[in-house]
Amino acid sequence: MLSVPVSEFFRDPPVWKYLREQVMPELDSFPRINVWQVGCGYGQESYSLAILLHECGLAYKARMITTDINADLLRARRGRWPAEQFAQWRANYLAAGGSACFDDYFDRQ
């Protein structure tokens with residue numbers, strides 16, 4: 001079994017921007033959106049998608065299931081990440097077309 005623990009909020013911003021501008025409007029035509037993310041690892045991509053669904057007004061009709069074969073990596077359930085990486089993640093979010101304050105999606109502890 002091979003597990004590659006690579007995760008980053010809005011990693012590859014052009015892809016996220018494409019999702020925001022091209023895919024989300026199409027998904028809006030569906031009555032329900034089901035997302036299953038396999039191999040979510042640390043969960044930044046899952047949270048990124050949740051933020052994107054929220055900003056596009058689609059979160060209310062979306063159901064997300066995130067899984068990983070390596071239970072030790074499932075940080076997503078706790079929603080905790082190191083603060084020192086937020087500058088990069090904030091830049092990714094803005095480059096992906098983010099429209100709010102990225103930090104508002106998190107509580108600092």
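Me: What should I keep in mind before we start?

Reply: This is a predicted model, where local features need pLDDT of at least 70, side-chain atom pairs count only at pLDDT 80 or more, and totals for chains, interfaces and linings use all residues. Residues are numbered from 1 along each chain as its sequence is written, and side-chain values use heavy atoms, with hydrogens and water left out.

Me: What makes up the pattern of the protein chain?

Reply: Along the sequence it reads α-β-α-β-α, with three helices and two strands. Both kinds are DSSP runs numbered from the N terminus: helices are H or I with at least four residues, strands are E with at least two.

Me: Why is phenylalanine 10 called buried?

Reply: Buried means under 20% relative accessible area, exposed means over 50%, and partly exposed is in between (1.4 Å probe, protein chains only). Phenylalanine 10 has 0% relative accessibility, so it counts as buried. Buried residues make up 36% of the 109 residues in the protein chain.

Me: And what makes aspartate 12 partly exposed?

Reply: Its relative accessible area is 44%, and that label covers values between 20% and 50%. Phenylalanine 10 sits in the segment before α1, and aspartate 12 lies in the segment before α1 too.

Me: Why is the pair of phenylalanine 86 and phenylalanine 106 called edge-to-face?

Reply: Rings of Phe, Tyr and Trp (its six-membered ring) pair if their centres lie within 6.5 Å; planes under 30 degrees apart count as stacked, over 60 as edge-to-face and the rest as tilted. Here the centres are 4.9 Å apart and the planes stand at 90°, so the pair is edge-to-face. Phenylalanine 86 is in helix α3 and phenylalanine 106 in the segment after α3, so the pair ties together parts 20 residues apart in sequence. Both residues are buried.

Me: Which aromatic cluster does the model hold?

Reply: One cluster includes Phe9, Phe10, Trp16, Tyr47, Trp81, Phe86 and Phe106. The whole structure has 15 aromatic pairs. One of them joins phenylalanine 9 and phenylalanine 106, edge-to-face at 5.3 Å centre to centre and 80° between the planes. That pair links distant parts of the chain, 97 residues apart.

Me: How do you know what span to expect for α1?

Reply: The expected span is 1.5 Å times one less than the number of residues. With 15 residues, α1 has an expected span of 21 Å, and its 19 Å from first C-alpha to last is close to that. α1 bends by about 35° at arginine 20, the bend being the angle between axes fitted to the seven residues ending there and the seven starting there.

Me: What makes a pocket a pocket?

Reply: On a 1 Å grid over the protein atoms alone, a pocket is an open set of points where a 1.4 Å probe fits, with protein on both sides within 12 Å along at least five of seven lines; lining residues have an atom within 4 Å of a point. The largest pocket has a volume of about 330 Å³, meaning the space filled by probe spheres set on the points. Its lining includes Tyr47, Trp81, Ala83, Phe86, Phe106 and Gln109.
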